[in-house]
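Student: I am new to reading structures, and I would like to learn how to look at one feature after another. Could you guide me through this one?
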Amino acid sequence: PLVSIIIPSAGTTIETPSNSLCLLENCLRSIQQVSTYRNFEIIVVDGYDIPKETLETIAAGNVELVRCAEPFNFSMRINKGAVQ
């Protein structure tokens with residue numbers, strides 16, 4: 001069966017000793033590289049705060065983007081993603 005992975009994102013980027021790391025991009029890469037189950041879809045619900053480079057990664061992959069203008073609320077974003 002199809003598994004829907006809903007990720008409510010706040011577009012957070014952290015500084016590491018070697019570079020900047022977008023947590024969403026790291027999460028997406030990990031799911032796509034590590035998962036042995038292939039029948040999944042990824043739905044990212046963001047608040048228009050994802051870095052441009054990450055948006056390009058999303059556009060190139062099998063990730064659906066749902067935009068949400070309201071302030072970050074975990075439950076609300078999960079529900080918006082589930083509706084999608």
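Tutor: Let us begin with a pair of residues, Arg29 and Glu25, which both lie in helix H1 (residues 23–34), 4 residues apart, or about one turn of the helix. Please keep in mind that this is a predicted model.

Student: How do the side chains of Arg29 and Glu25 meet?

Tutor: A salt bridge is read from the distance between a side-chain nitrogen of Lys or Arg and a carboxyl oxygen of Asp or Glu, which must be within 4 Å. The side chains of Arg29 and Glu25 meet in such a bridge, at 3.6 Å from N to O, and Arg29 is partly exposed, with a relative accessible area of 34%.

Student: How many salt bridges does a search of the whole structure find?

Tutor: The search finds 2; one of them joins the side chains of Arg67 and Asp46, at 2.6 Å from N to O. This pair links distant parts of the chain, since Arg67 belongs to strand S5 (residues 63–67) and Asp46 to strand S4 (residues 40–46), 21 residues apart.

Student: Is Asp46 buried or exposed?

Tutor: To judge this, one looks at the relative accessible area, and under 20% counts as buried. Asp46 has 0% and is therefore buried, whereas Arg67, at 32%, counts as partly exposed.

Student: In what order do the elements of the protein chain run?

Tutor: From the N terminus on, the order is β-β-β-α-β-α-β-α. The radius of gyration is 13 Å, close to the 12 Å that the globule rule gives for 84 residues, so the protein chain is as compact as a globular protein of that length.

Notes:
Residues are numbered from 1 along each chain as its sequence is written. This is a predicted model: local features need pLDDT of at least 70, side-chain atom pairs count only at pLDDT 80 or more; totals for chains, interfaces and linings use all residues. Side-chain values use heavy atoms; hydrogens and water are left out. Helices (H or I, at least four residues) and strands (E, at least two) are DSSP runs, numbered from the N terminus. The radius of gyration is taken over C-alpha atoms; the globule rule is 2.2 Å times the number of residues to the power 0.38. Buried means under 20% relative accessible area, exposed over 50%, partly exposed in between (1.4 Å probe, protein chains only).
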